[in-house]
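User: I am new to this structure and would like to know how its descriptions are reached. Could you walk me through a few of them?

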Amino acid sequence: MEAVFALEMPAVETRERLVGFVDAIVSGLPHVRQRENAQLYVRGLVEEGPRKSLQPTLFRLEQPSARYESVQQFLADSPWDSVGVVRRCAERVAPEIGVTAWVLDDTGFPKQGKHSPGVKRQYSGTLGKIGNCQIGVSVHAVGERGTAPLGWALYLPEEWCEDAERRARAKIPGSVGFKTKPELGVELVEQAAGWDVPTAPVLGDEAYGDNTALRDRLDGAGSTYVLAVGAATKVFSPGTVFAVPAQAATTGRPKSRQRPDREPETIGALVARLGSDQARTVAFRDGPDGHPVTSRFVFVPVRAAHDWREGRSRREELLIAEWLEGADEPVDYWITNLPVDTDPERLARLCRLRWKIELDYKQLKGELGLDHYEGRSWIGWHHHTALVTVAHGFLTLERLCPRAPRLA
């Protein structure tokens, strides 16, 4: 996948395409001034500049100081639908990129002070440590020719939910309560699943794969997934038989719940018992020279083991482990609800595809100012991420077909 770069915008034709693209995406905004401000803000995100926060952006675009108040109000307070903007952009861009997966993840936004909504000292993968930051959850369509963000949600820690004064200052709606990152993530997936975009298996790291409620909810909604899991995750091994136990007494209620003939075991223990001889060499991506890059994977049909005593789960899943030649144990594990006869190369490619979201975050932050928003408004953060999505979508289409019209 090639990089997306901000533009110097030397050509009148390029700017005209940008105007046409943004007009089509924000056409649902009810007021002319909102649409004008959206055009201006996206243009500032797209054009070259070291800092994409509001004040330096308007200065760079040579806008009068009076325009600052208008755009600031448009971002922080104006009640326009950021989800609708992301949806229209996704429905325009995602069909063009050859979608192969949806990637669910979260990223940190380092902050000073304590007034930005959701900010606290918490672990951030972006920082690689605990730091003062916000955490944003997002889902992205990943394809052969690019990516397309499908949704954004700001994580609100419990102490924020319980602090009425901080909530009021950050203009957090009363309807917003505490939700875990996996809960926010699965809601974003369910939301985008109702849009006119190509669906694909959902990928995620252990923070999402180890969350059994997320896997249940995705499966229940008809979504497929290939999620990283830890070695301590428990499953029922192949050959486990479920049957109703024989009645031991002549009186009492007859037993009706099926019971397994063995206890569940951790996937680490299961794969170790099977041994590295079960691994097969499979290509997981194409190298820069056009030759496939391979690794060794173990594929084991299993059954989900969480909540089995209550008669739930037990659905068929496929356990995947990457076990390098000469290693004492696997380096990574995944669980998928794709059919067990899915092509092993497709499974291996999906397992190793999640890295593309890190490239996406890098581009969105480094080139389009995703983490440059300085406002302290809940709605402002979501408005900003929606307009960054529009800028990203335009640049993706420019790279794919520079002279194509950008109208819906």
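This is a predicted model: local features need pLDDT of at least 70, side-chain atom pairs count only at pLDDT 80 or more; totals for chains, interfaces and linings use all residues.

User: What makes a residue part of the lining of the second largest pocket?

Analyst: A lining residue has an atom within 4 Å of a pocket point. The second largest pocket has 14 such residues, and Thr100, Glu144, Arg349, Leu353 and Lys356 lie nearest its centre. Strand S11 (280–286) and helix H12 (344–351) each give two or more residues to this lining. By class, the lining has 7 charged, 5 nonpolar and 2 polar residues.

User: And how much space lies in the largest pocket, and which element supplies the largest share of its lining?

Analyst: About 570 Å³ lies there, and H14 supplies the largest share, 6 residues. The lining of the largest pocket divides into 14 nonpolar, 8 polar and 2 charged residues.

User: Why is Thr57 called buried?

Analyst: Buried means under 20% relative accessible area. Thr57 has 3%, so Thr57 counts as buried. This residue is found in helix H3 (residues 54–60). Leaving aside residues up to four places away in sequence, Thr57 touches Gly44, Arg51 and Lys52.

User: How do the axes of H2 and H14 lie relative to each other?

Analyst: The axes of helix H2 (residues 32–46) and helix H14 (residues 378–400) come within 9 Å and cross at roughly 60°. The crossing is right-handed. Among the residues making the contact are Tyr41 and Leu45 of H2 and His384 and Leu387 of H14. By class, this contact has 10 nonpolar, 1 polar and no charged residues.

How values were computed. Residues are numbered from 1 along each chain as its sequence is written. Side-chain values use heavy atoms; hydrogens and water are left out. Helices (H or I, at least four residues) and strands (E, at least two) are DSSP runs, numbered from the N terminus. Buried means under 20% relative accessible area, exposed over 50%, partly exposed in between (1.4 Å probe, protein chains only). Contact means heavy atoms within 4.5 Å. Axes are lines fitted to C-alpha atoms, for helices over the stretch in contact, and angles run from 0 to 180 degrees between N-to-C directions. A crossing is left-handed if the near helix is turned anticlockwise from the far one by less than a right angle, and right-handed if clockwise. Ala, Val, Leu, Ile, Met, Phe, Trp, Tyr, Cys and Pro count as nonpolar, Asp, Glu, Lys and Arg as charged, and the others, Gly among them, as polar. On a 1 Å grid over the protein atoms alone, a cavity is a set of points where a 1.4 Å probe fits but cannot get out, and a pocket is an open set with protein on both sides within 12 Å along at least five of seven lines; lining residues have an atom within 4 Å of a point. Grid points are joined across faces, edges and corners, and a volume is the space filled by probe spheres set on the points.
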